[in-house]
Amino acid sequence: MSKIIKLLIMFFVVTILSGIVFMYQGLNPKLGSIQVDEDNEEGIYVSPDGEKRITVYFNGGLIFHNDVTYVGVLEDSKSDLKKNIFLVAPNVKEVRWINYGTIVVNGIEIDIDDTYDFRNE
């Protein structure tokens, strides 16, 4: 096989692999980088001390926006911190605060300093 054919095959393989990586990253964003649409708010759950709240947003899916996911965003009134702390699918049946630092989402306990993403199970 000539060098030119080998180089073309190698270029083709690298191009295909780069495309796969790009598509995976584009269709499977990390929890922290998921943008929510505030018009899609599903519920607000205030902490027992009233200083924090979890707002749940319908996300419309991660892959071509046709699968259903919900994102929980933690907001701290003291520090103006906002961070995504959970991603669940296909629906949110239960969100409740256990104490000032722990919530339960669909039966799963989540420390508000951590995150939960159903894709990592």
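Figure 1. Tyr100 sits in the loop that links strand 5 (95–99) to strand 6 (102–105); strands are DSSP runs (E, at least two residues) numbered from the N terminus. Apart from neighbours within four places in sequence, Tyr100 contacts Pro48, Asp49, Lys52 and Ile112 (contact: heavy atoms within 4.5 Å). Between the C-alpha atoms of Tyr100 and Asp111, 11 residues apart along the chain, the distance is 9.4 Å.

Residues are numbered from 1 along each chain as its sequence is written, and side-chain values use heavy atoms, without hydrogens and water. Local features of this predicted model need pLDDT of at least 70 and side-chain atom pairs 80 or more, while totals for chains, interfaces and linings use all residues.

**Figure 2. Asp76 in strand 3 (residues 70–76).** Asp76 is buried because its relative accessibility is 13%. A polar atom of the Asp76 side chain lies 2.9 Å from the backbone nitrogen of Lys78. Neighbours within four places in sequence aside, Asp76 contacts Glu51, Lys52 and Leu81.

**Figure 3. The open sheet of 3 strands, in the order 5-6-7.** The pairing is antiparallel; two strands pair if DSSP finds at least two bridges between them. Strand 5 and strand 7 (108–111) are the edges, each with a single partner strand, so one side of each has no neighbour in the sheet. Strand 5 is joined to strand 6 by 4 bridges, and Arg96 stands opposite Val104 in strand 6.

Methods
Buried means under 20% relative accessible area, exposed over 50%, partly exposed in between (1.4 Å probe, protein chains only). A polar contact is a pair of N or O atoms within 3.5 Å; within protein, one must be able to donate a hydrogen and the other to accept it, and residues adjacent in sequence count only if both atoms are side-chain atoms.
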